[in-house]
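Me: I am new to this structure. Please walk me through it in short steps.

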Amino acid sequence: MVGNNQEEMLKFLKSSIMFSQFLLIFYLNMIAVTLIQPVCAWTPGQTRDLWTPRLLINVPYNGRAEGESGWSSKIRFAFPFGVESSISTTIALNRSNGECSGDFRLCRWQEYIYGDQAYAVKISESPLGYIWDRTFYIYGADKKTCADDLCEVNYGGYGSVWFDIRYKELNKIRDTDGAVTEHCHGSTYAIFEMDIKVSISKVSVGLGKCYWQGGGEWDYWYTFSGGGHRWYIDFLSTETPSIENDELWAFDYRY
Amino acid sequence: MMSYGLLIIAIRGEGNMKHKTFIFSWVLMLAISIAGLVISPAFQSISIPTFINHSNDETIKFIGSMNEPFLFKCEHNISFILDGSPEGYGVKPLIKFYVKIRSFKASGTLRLNFTIYYNEQMVMCNLRDEVFEPGSEVSSAGWIAPPEWETKIEGLSIKHEEWLDWRRYLRSGENKAVIKTTIAPLSGEFNFGDGEVYVEIGPMKVEVQSLDMDKDGIKDPVDALKLNNYLFLPILGILYAPASAFIEYVTTKRLKKN
């Protein structure tokens with residue numbers, strides 16, 4: 001009788017261990033399936049350190065411009081197939097007389113290859129072990145027009161991501177008798193858009209778009225001097241252009 | 001949760017309450033675990049504030065002539081207290097700056113160097129180069145803050161919050177964050193001449209946030225488990241089943257001997 005009881009207890013002990021092992025495997029498997037996301041199928045390629053814009057500003061000749069990003073603002077670099085990188089910014093720039101400028105940060109970009117296409121994501125904002133920000137003038141040979149603005153900058157042996165905020169088309173004419181300041185504010189939508197090209201190696205080039213991240217706050221103030229001048233203005237948007245939903249303008253000074 | 005199955009088997013047994021010791025020890029161990037892993041930390045968690053903003057409102061100003069070399073240095077600091085595990089906090093130091101350069105003949109680059117220290121250990125250095133030309137008036141302003149960014153590939157989102165990496169420099173109790181600022185012309189790139197520079201540094205802020213990385217509602221400074229407590233409890237329940245069966249086995253054996 002005693003032997004039977006002991007045998008039964010041992011059986012219970014063994015079955016409890018087996019049962020708990022089975023439950024443990026089942027439970028951990030369930031957690032793994034629910035929580036762990038599929039591993040990315042993209043093949044990583046080369047890395048490159050590039051000056052990356054955090055704030056860009058076009059300035060009317062014979063005028064002033066001030067650009068400011070709000071506390072939670074981010075610029076989003078979006079490529080096809082859901083490849084996206086962002087950079088946060090809490091910067092304001094104030095420039096005058098056609099001196100179009102930008103605030104840039106040296107960032108490390110990693111190339112990813114998907115089929116025969118290459119895209120890039122930003123993987124570090126301190127590739128040299130420290131953060132390095134720099135303001136650049138991006139106006140071209142003629143301060144009177146933004147049509148020849150630079151599309152890339154170079155410093156310290158580092159190139160930049162390709163950006164395009166050049167004047168392209170007439171959206172509005174601004175004539176002044178007295179000085180005028182226009183305030184352009186954006187908040188929730190992807191308001192400003194520009195082509196962004198990240199060339200990591202000579203062979204592969206990723207082409208995407210750059211947006212002001214929805215939810216961020218962006219303000220630009222453009223001051224046009226008085227005295228009978230005329231500027232052509234390009235709202236630089238691929239969405240419906242209007243004063244209400246476009247912050248970044250480009251200028252062509254006429255007289 | 002799964003081990004409730006085993007519990008039900010044990011209760012069903014032959015009629016009523018065959019494995020009393022098993023059930024009693026399993027329930028007791030689980031109750032102690034719930035108290036230790038959930039109830040007690042949850043109560044302690046209430047007393048830990050989610051967010052505290054410490055600030056040093058001092059604004060240090062500098063006016064320099066660009067006719068000759070200059071060097072401007074200043075320092076801001078804030079002391080703050082962390083209760084519980086320092087690893088459970090996200091501490092974000094920030095400093096405001098304003099630079100205005102008015103140049104007639106000078107040109108070049110002004111370098112601002114912001115270095116952040118936690119308890120005398122350097123955690124971040126942010127260099128900022130302000131470029132200007134003769135005859136220009138430029139100004140820049142903003143906050144020097146730890147980088148924060150996101151990357152997405154094929155639905156996989158990676159969020160980077162730099163200050164989370166700095167938690168290892170923090171300690172339980174009093175901590176000190178220092179931001180040292182140095183401003184000087186960038187040698188080799190500066191042509192001295194008529195012009196002036198105006199700088200304002202400050203105020204400084206330290207944002208202290210108690211984290212909940214495992215998203216179990218228990219703030220990390222008082223959460224002993226890095227794993228989500230609620231996900232971990234069923235694992236304990238499962239592991240307690242063979243432990244309880246062993247206790248019952250030993251107890252029955254001893255009772256039989258006596």
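Predicted model: local features only at pLDDT ≥ 70, side-chain atom pairs only at ≥ 80, totals over all residues.

Reply: Residues are numbered from 1 along each chain as its sequence is written, while chains are lettered from A and ligands numbered from 1 in the order in which they are written.

Me: What pLDDT does chain B average?

Reply: pLDDT is the predictor's confidence in each residue, from 0 to 100. In chain B, 93% of the residues score at least 70. The average for chain B is 87.

Me: How far apart are the C-alpha centres of domain 1 and domain 2 of chain B?

Reply: Domain bounds come from an automatic or database domain assignment. Domain 1 of chain B covers 4–46 + 219–257, and domain 2 covers 51–210. Their C-alpha centres lie apart by 52 Å.

Me: At what angle do α2(B) and α3(B) cross?

Reply: Helices are DSSP runs (H or I, at least four residues), and strands are runs of E (at least two), numbered from the N terminus. Here α2 spans residues 20–46 of chain B, α3 spans residues 229–257, and their axes come within 8 Å. Axes are lines fitted to C-alpha atoms, for helices over the stretch in contact, and angles run from 0 to 180 degrees between N-to-C directions. The crossing is at roughly 150 degrees.

Me: Which element gives the largest share of the side of chain A that touches chain B?

Reply: Two residues are in contact if their C-beta atoms, placed from the backbone, lie within 7 Å. By that rule, 45 residues of chain A are in contact with 43 residues of chain B. Elements that each supply at least two residues on the chain A side include β4 (83–88) and β7 (117–124). The largest share, 13 residues, comes from α1(A).

Me: Which residue of β8(B) stands opposite A:Ser85?

Reply: Two strands pair if DSSP finds at least two bridges between them. β4(A) and β8(B) (residues 148–153) are joined by 2 bridges and run antiparallel. Opposite A:Ser85 stands B:Thr151.
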